[in-house]
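Subject: Structure handover

Hello,

Please find the structure below, with my notes after it. Could you read them with the model open beside you?

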Amino acid sequence: MDMYGFYTGKIFDAYEYLGCHLENNGAVFRVFAPEAVKISLIGEFNSWQETPMERIYDKNFWECRVDGVREGMMYKYRIYTQTGRVMDHCDPYGYGMELRPRNASIVRNMKRYWFQDMDWMHRRSDCKNRPLNIYEVHAASWRMPEGGGWLNYRQLAEGLIPYLKECGYNYVELLPLSEHPCDESWGYQCTGFFSPTSRYGTADDLKAMVDLFHRNQIGVILDFVPVHFAVDDYALAEFDGTPLYEYPHNDVGYNEWGSRNFMHSRGEVCSFLQSSANYWLSEYHIDGLRMDAISNMIYWQGDKERGVNKNAADFLQYMNQGLKRLHKGIILAAEDSTSFPNVTRRVEEGGLGFDYKWDMGWMNDTLAYFREEPEQRKVDYHKLTFSMMYYPEENYLLPLSHDEVVHGKRTILDKMNGGYEDKFAQARAMYAYMYAHPGKKLNFMGNELGHFREWDEKRELDWNLLDYPMHGSFHHFMKILNNLYLNHSALWKKDYENDGFYWVNCHEEDKGIYIFLRTDGREYILCLFNFSPQNYDNWEVKLPDNLPLRARSAHQLIDSARREYGGPAETPPDRTIPIHQNTLHLPMERYSGKLFFLR
């Protein structure tokens, strides 16, 4: 390991030196703990008796070699601190951990599994000019086996793959798989930054899952948490008796979630996090990382008034630039609710180096609009036009994620205003608007079913909803819409270019009508929405005169008001409407969204 690079926060491979590594008839163990007085290794291979570790290099690292160590054996580091406290810790660089409430590290052989996804790895891309439709999944609660427990990684892939292909998703995003002690944290309070959670199997099981996704042309994005870590004292907290990974001062050492903040001004911490990010991409062929709570790294404690945390911002730049250099075609996405500029600009151009930024403004404005009474929507009409003013400023991804369907927020469907049938009608229209809007897409599992029950990590999705006509029709609509999105380049090829979007009409405040065009320069898709409770039997649409296309007809791609999807309209699926002198007339049913291909 490059020791100078480790201390200065420049390396991405610390996990290849630190931790447990099998060799010959045993293993070598190394740990970084500069302030420890003494460290012993305990584990199954020595009957949990202490094997002394020796200081090496500059006396900040500790090492020992032990015969008889085999894959699957458990171990811990017993650390003696300067205050006289003795604590058994899991390995910060351990490749596996026990299932909660136990917390020993587990020896893993990382060289055994052989991937068969080279074709995918060669062809994958960041999807800037491709469709990106992400299905966000919590592995424990998508489906559960009879009798309780969890599907393992391989079973999860076997169930998810045909479902994703049928439903029109080309990427899956998994909530954090790093080991975590509390199910309710969903993985965001991590104790094992190099340990796939044992809830669902071993490291090889996870590799097999990713491999299977890739062989079915589905990308895998993993949630990654570079901001904070769990407070459990067997993990990173005061690892060597001092704040080794965290800030020493409580005003910035703890955050709003009660966890400890990483100290990004320490090179050792930066090397740890960069190596963790690289580890998931390298060892498991993960295709991208969605980085959690980036607002709390850009600004101190996420508060703009406290100023920019320059050390954390510099770390993000260096890490993102390095990961993009090391891995072709990966996706780096930031969950960032701030207006900090250039989040998705290349580091060489002064940006943070992310590929995508979650558009939290779009999400909040859209859901707020659809919660409102129709009369209020006249006042707030431009909540749905505002995002069109700023969408080219960053590479935005439109998220309707797990955070929007828990903790009393109600589900996406239940957020819609009105009674039972009106909620479905508005949800269909809202999703049509989302998929026509510039930006990549993300939906949390269950949104496509029309879930009324808020997500609960202890229960599987309510799959029985599909037995009810309105839910079944809604699910069918979502499948058609998703596949439509994947197959029409006008909806994604120019997501971040000004000439990929044109307003046709955004001044119908009293009527709740919105009309715009999406194009890739070759195909043109007319997108029409009526978010009011009124029907309009013969709405006139005047296309812009400066369009290079002189369309003769509009061919229907999807109409959310069709009876097939649970609406009242009897229109045929392949309806074509003539265009005369750049003008067409068509009915606009209440709470409806329609997409037409111009030709």
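Strand 26 (residues 553-559) and strand 29 (residues 592-598) pair in the antiparallel sense over five bridges. Strands and helices here are DSSP runs numbered from the N terminus (helices are H or I, at least four residues; strands are E, at least two), and two strands pair if DSSP finds at least two bridges between them. Within this pair, Ile 558 has Leu 595 of strand 29 as its bridge partner.

Before going on, two remarks on the source. This is a predicted model, in which local features need pLDDT of at least 70 and side-chain atom pairs count only at pLDDT 80 or more, while totals for chains, interfaces and linings use all residues. Residues are numbered from 1 along each chain as its sequence is written, and side-chain values use heavy atoms, with hydrogens and water left out.

Axes are lines fitted to C-alpha atoms, for helices over the stretch in contact, and angles run from 0 to 180 degrees between N-to-C directions.

Helix 9 and helix 13

The axes of helix 9 (residues 360-371) and helix 13 come within 11 Å and cross at roughly 155°. From helix 9, Trp 362, Thr 366 and Phe 370 meet Gln 426, Met 430, Tyr 433 and Met 434 of helix 13.

Helix 8

The 17 residues of helix 8 (residues 310-326) should span 24 Å at 1.5 Å a residue, and its end C-alpha atoms are 24 Å apart, which agrees. The expected span is 1.5 Å times one less than the number of residues. Among the buried residues of helix 8 are Phe 315, Leu 316, Met 319 and Leu 323. The buried residues pack against helix 6 (267-283), strand 17 (288-291), helix 7 (295-298) and strand 18 (331-334). Buried means under 20% relative accessible area, exposed over 50% and partly exposed in between (1.4 Å probe, protein chains only).

Another open sheet, of four strands, has the order 1-2-6-5 with antiparallel pairing. Strand 1 (19-23) and strand 5 (54-56) are its edges, each pairing on one side only. The twist averages 30° from one strand to the next. Strand 5 and strand 6 (residues 61-67) pair over three bridges, and Glu 54 has Glu 63 of strand 6 as its bridge partner.

Backbone details

Ser 47 has a positive phi of about 55° although it is not a glycine, and Ser 47 lies in the loop between strand 3 (38-43) and strand 4 (51-52). Ser 47 is exposed, with a relative accessible area of 57%. In the loop between strand 3 and strand 4 there is also Trp 48, whose phi is near 60°. A cis peptide bond joins Arg 100 and Pro 101, with omega about 5°.

Regards

Conventions:
Contact = heavy atoms within 4.5 Å.
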